[in-house]
Amino acid sequence: MSEIVRVEHLKKYFPVQKSVLEQLFTRKKKSVRAVDDVTFSIKKGEIFTLAGESGCGKTTTGKLIVRLLKPTSGRIYFKGEDITQLKREELRLLRRKMQIIFQDPYASLNPRMTIGKAIGHPLEIHGLARGEEKKGKVLEVLQKVGLTPPQQFMNLFPHQLSGGQRQRVALGRSIILEPEFMVADEPVSMIDVSLRTTIIDLMLGFRKELGLTYLFVTHDLAVAKYISDRIAIMYLGRIIEIGSKESLFKNPLHPYTKALLSAIPVPEPKKKREVIELKGEVPSAINIPPGCRFSSRCPFKKDECTKTEPELVEAEKDHSVACYLS
Amino acid sequence: MVRIEMKRSMLARIVPGFTSLVKKGPSGQMVIIGMIIVLALVIMTAMGPWIAPHDPSRSGVGRIRIPPNWQFPLGTNHLGQDVLSRTLCGGSIMLQVSALSVLLCFAIGVPLGLFSSYVGGFVDSAFSLVIDAVYAFPGLVIAIAIAAMLGPGVVNMALSIAVVYIPSYFRIVRSQVLSIKELTYVEAARSVGAKWYTILSRYILPNVVPSIVVVITINFADAILTAAGLTFIGLGVTYDIPDWGWDLTNGRTYISSGAWWIIAFPGLMIILLALGFTLIGEGLSELLNPKLQR
């Protein structure tokens with residue numbers, strides 16, 4: 001399998017507004033280090049998951065890759081081509097090939113545009129189809145995302161649909177351009193639990209049908225386990241463990257990953273298992289602890305952990321971890 | 001053919017819309033009452049020249065300052081003009097001025113607000129600074145200053161009023177765009193590759209329109225009062241054109257001698273027209289508030 005997306009030393013710092021007094025008396029620039037040196041690659045056809053707590057930079061990473069945000073530094077490659085510095089017009093053409101669906105289906109659709117128009121609009125933007133041809137394609141996509149009968153949905157407005165139906169519309173809007181790569185930013189976290197698997201199965205279907213590659217962003221490890229081929233665990237803007245789903249779930253190496261996995265509910269209440277409880281809150285991304293960024297909460301902390309930051313090291317085949325302990 | 005169908009569908013939307021306004025409770029009724037008042041005054045002014053019993057600009061149709069009687073139902077003024085005829089025809093200038101000024105404000109204020117806030121940064125700060133400076137002055141004072149510079153006339157009055165109200169449009173549009181452009185659906189539009197003007201016209205503008213409609217109606221009410229104010233201090237039109245504002249100016253000196261009818265009826269018309277627009281505006285602002293929508 002060839003690689004479709006590659007990210008090297010990607011960083012995104014958001015400047016923090018300083019108060020008037022601070023502006024006068026301090027020179028130091030404050031910034032939120034949302035994504036802090038992230039490197040990984042995604043192979044064609046796979047589902048790569050970024051998992052982590054809220055605020056760990058996983059959504060920002062997704063938006064950086066589809067260039068909705070401009071990276072502070074680092075490189076992004078799409079099919080071998082460096083897309084980090086693309087100009088506006090080149091970027092617009094690239095949008096046909098990479099898409100994103102957002103977490104909140106209630107906010108991601110224009111309230112004053114009918115479903116038919118919303119789904120057909122990408123075709124219009126790129127001048128791919130008009131009139132009857134466009135309508136035909138829209139109907140076809142509506143059918144594909146399971147909004148049937150499609151004619152009925154064409155003229156509805158978003159507020160007349162449920163959350164799950166809206167997410168299907170958002171999915172339809174993304175696939176109508178037949179992209180090769182899609183960032184799915186927690187696409188099911190705001191949808192009723194009973195409908196989650198249907199949406200996920202729909203997405204898995206498109207992977208086969210259209211040859212889509214997904215970057216799946218989620219905080220829900222159960223969903224990650226269901227869908228992914230490979231998983232990267234993020235903590236405070238950095239990947240701390242990355243590996244294939246099997247080896248990561250079977251043999252978690254980083255204490256943070258172990259803690260996350262031990263927090264997944266298991267359907268057997270009597271089964272004894274080791275639970276690692278984490279103390280305290282995630283530190284602010286403005287003041288990241290020195291050394292290993294997890295050291296302030298790590299139950300197994302050693303002296304060297306607070307001195308220098310550990311790099312990702314391959315521990316076993318297709319499984320790397322950034323920790324001194326393993 | 002297509003056009004006819006479009007008209008029909010618009011009509012089909014308006015008629016049930018009107019009946020559903022009644023069902024929307026007090027704010028819907030406010031809108032309807034306001035519309036009836038405004039429409040009645042517009043029709044009255046349009047029909048004025050035909051239904052007026054006397055020539056409204058001819059002086060000496062009767063003796064001067066006759067109180068209301070059978071021959072002159074609303075009396076005559078200090079020039080012996082028929083007050084009823086002048087009241088029936090006197091809205092024309094005011095309506096023209098306010099309509100023209102609203103049009104001007106809309107055509108300048110809305111695009112400016114959209115553009116400035118979408119672009120952001122230095123451009124936005126510069127525009128906001130200038131507009132806020134205009135906004136800081138009392139409206140009537142600016143209007144008087146500009147009208148005095150330009151001289152009397154319908155277009156000049158409209159221009160001077162427009163300058164006063166462009167800031168309201170600009171500020172409303174700007175604040176709305178600032179919040180809308182951060183929403184996910186705008187980001188989604190960017191992510192499918194929409195150009196900036198497509199995003200502005202298809203994703204942002206339609207969501208700003210409800211607030212603009214409210215500003216328009218309130219602007220109308222204010223423009224009428226400002227137009228009356230301008231005429232009142234002599235920056236409006238000349239005496240041979242019937243105008244409520246002019247009648248107020250000249251009638252006020254005779255109120256001490258008991259001739260109340262000269263200013264009462266034109267004044268009432270101004271109040272009614274302003275009230276009509278205010279009712280529409282206030283009602284709409286409540287109806288179109290998405291938080292109150294069912």
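How many helices and strands does the secondary structure of chain A come to? I looked this up and noted eleven helices and twelve strands. I recorded that helices (H or I, at least four residues) and strands (E, at least two) are DSSP runs, numbered from the N terminus.

**Conventions.** I noted that this is a predicted model, in which local features need pLDDT of at least 70, side-chain atom pairs count only at pLDDT 80 or more, and totals for chains, interfaces and linings use all residues. Residues are numbered from 1 along each chain as its sequence is written, while chains are lettered from A and ligands numbered from 1 in the order in which they are written.

**Chain A overall.** Along the principal axes, the C-alpha atoms of chain A fill a box of roughly 70 × 60 × 40 Å. I found that 40% of the 326 residues of chain A count as buried. A residue is buried if 20 or more other C-beta atoms, placed from the backbone, lie within 10 Å of its own.

**The sheet with E1.** I traced an open sheet of four strands in chain A, with the order E2-E1-E4-E5 and antiparallel pairing. Strands pair here if DSSP finds at least two bridges between them. Strand E2 (31-43) and strand E5 (81-82) of chain A stand at the edges with a single partner strand each, so one side of each has no neighbour in the sheet. Between strand E1 (residues 3-15) of chain A and E2(A) I recorded ten bridges. In this pair, A:Lys12 is opposite A:Val35 of E2(A). Helix H2 (residues 58-65) of chain A lies across E1, E2 and strand E4 (73-78) of chain A, at about 120 degrees to E1(A). For such angles, axes are lines fitted to C-alpha atoms, for helices over the stretch in contact, and angles run from 0 to 180 degrees between N-to-C directions.

**Strand E10.** Why is strand E10 (residues 238-244) of chain A largely enclosed by the rest of the structure? I found that six of its seven residues are buried, which accounts for this. Six bridges join E10(A) to strand E9 (residues 230-235) of chain A, and the two run antiparallel. I noted A:Ser244 in E10(A) as the bridge partner of A:Arg230. E9(A) and E10(A) form a hairpin with two residues between them, and A:Leu236 in the turn has a positive phi of about 50 degrees. E10(A) is also joined by three bridges to strand E12 (residues 319-321) of chain A, again antiparallel. There, A:Ile242 stands opposite A:Ser320 in E12(A).

**Chain B against chain A.** I found 14 residues of chain B in contact with 20 residues of chain A. Contact means that the C-beta atoms of two residues, placed from the backbone, lie within 7 Å. On the side of chain B that touches chain A, helix H8 (184-191) and helix H9 (196-232) of chain B each give two or more residues. H8(B) gives the most, with six residues.

Notes. Buried ≥ 20, exposed ≤ 12 C-beta atoms within 10 Å, placed from the backbone.
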